[in-house]
Amino acid sequence: MRPFISLKSIEERINGEGLEIDAVPLAQILALDKTPVYVTSLNAVSQRLNKYKEALSCHFMHNEIFYAMKANFATPILKTIVKEDFGIDIVSIGEWRKAIASGIHPKKICFAGVGKKETEWKEALLGGLGNLSVEHLTELSDILDFLYKEKNLNSFEKKVLVSLRLNPAVEVETHPHLKTGALNSKFGILYEHFQTWLKAKKLQFTSEDLFLKWINPLKGIHVHIGSQLTENSIFPLVVKKVLDCAHFMYENKIFVQHIDFGGGLGVGQNGVPENGEDIFKHVHFVCNAFKEESKKYPKLLSVWNEDYSNLSVCMEPGRSVVASSTIFLTKVLYEKRNSVENIFCYVDGAMNDFPRPSLYGAIHHAELVNYNIKKLQQEDFNHFSWNVVGPVCESGDFLAKNAILPQIHKGDIIAFFEAGAYCRSMASQYNLRELPSEIFVRDGLITDII
Ligand code: LLP
């Protein structure tokens with residue numbers, strides 16, 4: 001299912017009449033002649049974000065959703081974030097600048113990211129960044145030194161909340177490139193390393209008071225264990241590791257006020273449920289696991305209160321917010337049959353426009369969504385196993401392998417689904433191809449064309 005997208009049966013997909021996105025008929029989009037093009041329902045984005053807010057608010061009165069803009073940083077999406085009053089998770093100074101330019105308040109930005117440059121975190125801190133997540137102990141020392149010395153950063157509007165990004169050293173089921181919380185992962189800081197660092201740091205200060213002043217901005221813990229997670233059974237272990245770390249901090253007079261459980265909820269090939277059931281399930285599972293486990297840490301609960309009124313809890317979803325909001329439309333150029341098994345459908349979109357199939361072997365559901373009735377024969381509804389390929393000079397340039405589609409003809413339109421996350425944002429200009437266009441729709445209107 002895909003909220004705000006409707007697709008008629010194959011026989012009815014004639015002359016742009018078979019598909020509607022956010023009440024805009026495909027014919028209206030095709031009239032713009034923009035293929036290859038991404039088309040996004042902004043209502044779908046708003047709806048998914050609000051499901052997260054609703055679910056998290058059931059558990060914690062202080063909560064925040066930081067949309068991970070790496071999934072899709074298109075300006076109309078960021079403007080939707082501003083309008084709906086959500087936060088943003090960023091990972092580079094480029095994302096910072098774009099978020100600010102789109103009207104996001106700096107206090108509502110969380111800057112994570114492995115290997116940040118000093119110039120990057122300094123620019124964001126001086127610009128009033130709200131949350132900074134630290135991924136290396138050298139980075140943590142440098143940031144705390146800077147904040148300690150930088151007097152004008154002590155003013156209320158500049159005050160930043162620093163979080164330790166914990167690597168919980170857990171294994172999850174996903175593509176190896178999408179794991180971020182395992183021992184062999186470059187992300188985050190191991191608990192044992194943090195313990196050793198903290199003990200050593202304390203000794204460098206002449207008094208405990210001075211040490212506590214220096215460490216004062218560190219008030220949060222952040223974990224993000226991976227992306228495209230299709231099951232959540234690891235979370236009870238993850239929350240235990242977060243609580244162990246928070247407890248160790250408590251014993252050292254560092255009081256955790258902020259916990260960020262990252263993003264990661266996966267989206268299957270059939271899209272997402274209309275009612276956000278997947279989001280509710282995920283958020284409730286993680287929050288319940290956390291609340292259940294935290295009962296074993298009475299000292300932490302005495303700080304947070306039984307109703308967690310002294311704790312703010314955040315999540316940073318990317319894919320699950322935007323993936324199913326968007327379709328990628330490509331136009332058929334021609335077909336070729338090298339043998340019965342090797343049949344190719346050439347389209348005007350390529351790996352540089354839509355990179356997930358060639359990068360991760362990702363399967364995005366494909367449908368023939370438009371054809372010209374005049375060309376159609378009855379036998380055209382027989383289905384074949386197509387390799388849908390693009391014009392880039394590489395054999396790795398494919399959008400789908402063995403996609404089951406009917407006979408195709410020049411000028412037909414093929415749509416790829418779940419195209420809103422990590423597709424246009426990872427597009428490149430390889431072969432000096434132009435970047436694909438983007439069209440945004442809401443309530444039956446085309447709102448933006450990029
Ligand atoms: N927070 C942090 C710190 C992250 O690194 C990520 C994603 C997210 C949040 C959002 O995760 P999501 O909810 O989207 O799973 N290019 C890959 C995905 C890379 C994800 C990177 N980090 C893909 O196309 O599958």
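1. Two aromatic rings, from Phe, Tyr or Trp (its six-membered ring), count as a pair if their centres lie within 6.5 Å. Keep that in mind as you look around this predicted model: a search of the whole structure turns up 20 such aromatic pairs.

2. Lys291 sits over the face of Phe60, 5.6 Å from the ring centre. Lys116 does likewise with Phe111, lying over the ring face at 5.7 Å from its centre.

3. Now for the ligand. How many residues surround it? There are 19, and the closest are Ser227, Glu316, Arg356, Tyr360 and Tyr422.

4. Where does the ligand lie relative to the two domains? Domain 1 (5-42 + 323-449) gives residues to the shell, and domain 2 (113-315) does too, so the ligand lies between them.

5. A polar side-chain atom of Arg356 is 2.6 Å from a ligand oxygen. In Tyr422, an N or O atom of the side chain is also 2.6 Å from an oxygen atom of the ligand. Gly264 uses its backbone instead: one of its backbone N or O atoms lies 2.8 Å from a ligand oxygen. On its own, the ligand has 590 Å² of accessible area, and the protein covers 92% of that.

6. Two spots in the backbone deserve a second look. Most peptide bonds are trans, and most residues other than glycine have a negative phi. The bond joining Thr35 and Pro36, though, is cis, with omega at about 0°. Pro36 belongs to the loop between α1 (26-30) and β4 (37-41).

7. The other spot is Ala169. What is its phi? The value is near 55°, which is positive, in a residue other than glycine. You'll find Ala169 in the loop between β9 (161-167) and β10 (189-190).

Definitions and conventions
Residues numbered from 1 in each chain as written. Predicted model: local features only at pLDDT ≥ 70, side-chain atom pairs only at ≥ 80, totals over all residues. Heavy atoms only, no water. Near = heavy atom within 4 Å. Polar contact = N/O pair within 3.5 Å; in protein donor to acceptor, adjacent residues only side chain to side chain. Areas by Shrake-Rupley, 256 points an atom, 1.4 Å probe, with all protein chains shown as cover. Domains from an automatic or database assignment. Phe/Tyr/Trp six-rings, centres within 6.5 Å; stacked < 30°, edge-to-face > 60°. Lys NZ or Arg CZ within 6 Å of the ring centre and 35° of its normal. Helix = DSSP H or I, 4+ residues; strand = E, 2+ residues; numbered from the N terminus.
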